[in-house]
Amino acid sequence: MSAVLFRNGLVLTMDDTHTVLPGHDVLIVEDRIAEIGAGLTPPPGAQEIDATGGILMPGMIDTHRHMWQTAMRGYGADWTLTQYFVWYYLESGKHFRPEDIHAGNVLAAWEALDAGVTTTVDWSHGLQSTEHADAAADALESVPGRFVLAYGNIQQGPWQWSAAPEFRDFVERRIKGSDMLGFQMAFDVTGDPAFPEKAAFEVARDLGVSVTTHAGVWGATNDDGIRLMHEHGFMTPQTVYVHAATLTHDSYHRIAATGGSVSVSTESEQSAGQGYPPTWTLRDHDIPVSLSMDTSVWWSGDLFSAMRTTLGADRSREHLRAHERAETVTHVHLRAEQVVDWATRGGSRALGLDSLVGSLQKGKKADVVLLKNDASPVMFPILNPYGHVAFQAQRGDVHTVVVNGRVVKHEHRLVGADLARARADVERTVEHLVATMGRDAWEKGMNPEIPETRVMDNPYTYTEWDAGSAQWKHGPAD
């Protein structure tokens, strides 16, 4: 019998009442949380981990990440959403081979675990064939995390790839209902009045799987798509709407009425241009929220960043709107405790996994993260634990990660990760893309043109520098 005992930590249970337990132990036996209490007696042979001075919390859950793109980490740092669409959808995304999908997924999977993200939805819209899909699944199953493969293909309409016999064959072969590898269908609804996506929704219904869809994305998906989904009965409590940043109240009402949830990717929305992160209006409509990182082509792959930027975006909007009314915000509405919930329990609810993960409770699956870093001055004092998680902690403070009872990171180092092989595989993907595209095209894609700008005349410039005399010349005020 395998067992792990965390000793004397500050436990954020994230249960229904958000119970906080200072100085408590968490005992894991096999794949479950066996007990939470003070001074617990471990079974013989248990691995004991000193959590003194640290925070024990549920593993975080990312409900939307294009893991296959991680092989191009940071490449699109200066992209807009339009440039992303052109690169992946129209031009170079089609060059990814099955082995490139595999390389990106392996790297992304270990990256997630390193940051304390124990469940990740692989929004895998680069599956141009079932060979690509098998490579994606193989990669996820090779890493000891909890994943959901969200099957998609941006090179075909969803009514095409979902109708292919080989797609059904893949689902029958690879998807076994395991809580370690879940399954969704991933596609978008353009708002075409003919509603061609209807066929894909019918396949999802027939298979009994949920749909995750980019909704409310400026210039791409809008209220018409939501309306068509609703009118045809395809909006369900299991549907996850990604971004949902540019919808009208009517669409938010439809999402709320049908019980769906929204995956907010704040770093993505505020940088790429899907729309302003919609957390304020989601609260107004009482729509459940989870958090996600979108893609490492642009941003980091950890939910500490997601929590921090989500709080910042929501609060900055609240202040801005108040200032426009000549008012002052004295009490912010969105709190750190709420975004920690979104990063954990919000994800488990969105994925239908709430009975298994998302909180630290006796009997639940043992997905546990210890935040502790005795070498860092940032990890003490811990006064407001939710504020500490959301604003102070970061990837380097993740001391230990347990997934399904298995220790996958300990003392700040991943356990069992062959990073040398992962690096070599990713390097081969980059070499393949550069060779296929050509060096000039590769460099141009990474460095989009900078728009022309004009410096405005400033009427309040009273002095100017005289290079000849090396002194300031006095202006009108003199």
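R421 and D425 form a salt bridge in which the closest N and O atoms are 3.9 Å apart. The model is a predicted one.

- R421 and D425 both belong to helix 14 and are 4 residues apart, so about one helical turn separates them.
- R421 is exposed, its relative accessible area being 55%.
- D425, by contrast, has a relative accessible area of 19%; because the limit for a buried residue is under 20%, D425 counts as buried.

**Packing of helix 2 against helix 14**

- Helix 14 (residues 419-437) packs with helix 2 (residues 98-114) at an angle of about 135°, and the two axes are 9 Å apart.
- The two helices are therefore oblique to each other, an angle over 145 degrees being needed to count as roughly antiparallel.
- The crossing of helix 2 and helix 14 is left-handed.
- By residue class, the contact of helix 2 with helix 14 comprises 5 nonpolar, 2 polar and 3 charged residues.

**Salt bridges between separate parts of the chain**

- The whole structure contains 37 salt bridges.
- E35 and K362 are joined through their side chains by one of these, with an N to O distance of 3.4 Å.
- E35 is in strand 3 (residues 32-37), whereas K362 is in the loop between helix 12 (336-350) and strand 14 (368-371), so this pair ties together parts that are 327 residues apart in sequence.
- E35 is partly exposed, at 30% relative accessible area, while K362 is exposed, at 59%.
- R283 and D314 form another salt bridge, their closest N and O atoms being 2.6 Å apart.
- This pair links distant parts of the chain, with R283 in helix 10 (residues 279-284) and D314 in helix 11 (residues 303-324), 31 residues apart.
- R283 counts as partly exposed, with 27% relative accessibility, whereas D314 is buried, with a relative accessible area of 2%.

**A salt-bridge network**

- A network of salt bridges links D31, R32, R146, D179, K365 and D367.

Definitions and conventions:
Residues are numbered from 1 along each chain as its sequence is written. This is a predicted model: local features need pLDDT of at least 70, side-chain atom pairs count only at pLDDT 80 or more; totals for chains, interfaces and linings use all residues. Side-chain values use heavy atoms; hydrogens and water are left out. Axes are lines fitted to C-alpha atoms, for helices over the stretch in contact, and angles run from 0 to 180 degrees between N-to-C directions. Angles under 35 degrees count as roughly parallel, over 145 as roughly antiparallel, 65 to 115 as roughly perpendicular and the rest as oblique. A crossing is left-handed if the near helix is turned anticlockwise from the far one by less than a right angle, and right-handed if clockwise. Ala, Val, Leu, Ile, Met, Phe, Trp, Tyr, Cys and Pro count as nonpolar, Asp, Glu, Lys and Arg as charged, and the others, Gly among them, as polar. A salt bridge is a side-chain nitrogen of Lys or Arg within 4 Å of a carboxyl oxygen of Asp or Glu. Buried means under 20% relative accessible area, exposed over 50%, partly exposed in between (1.4 Å probe, protein chains only).
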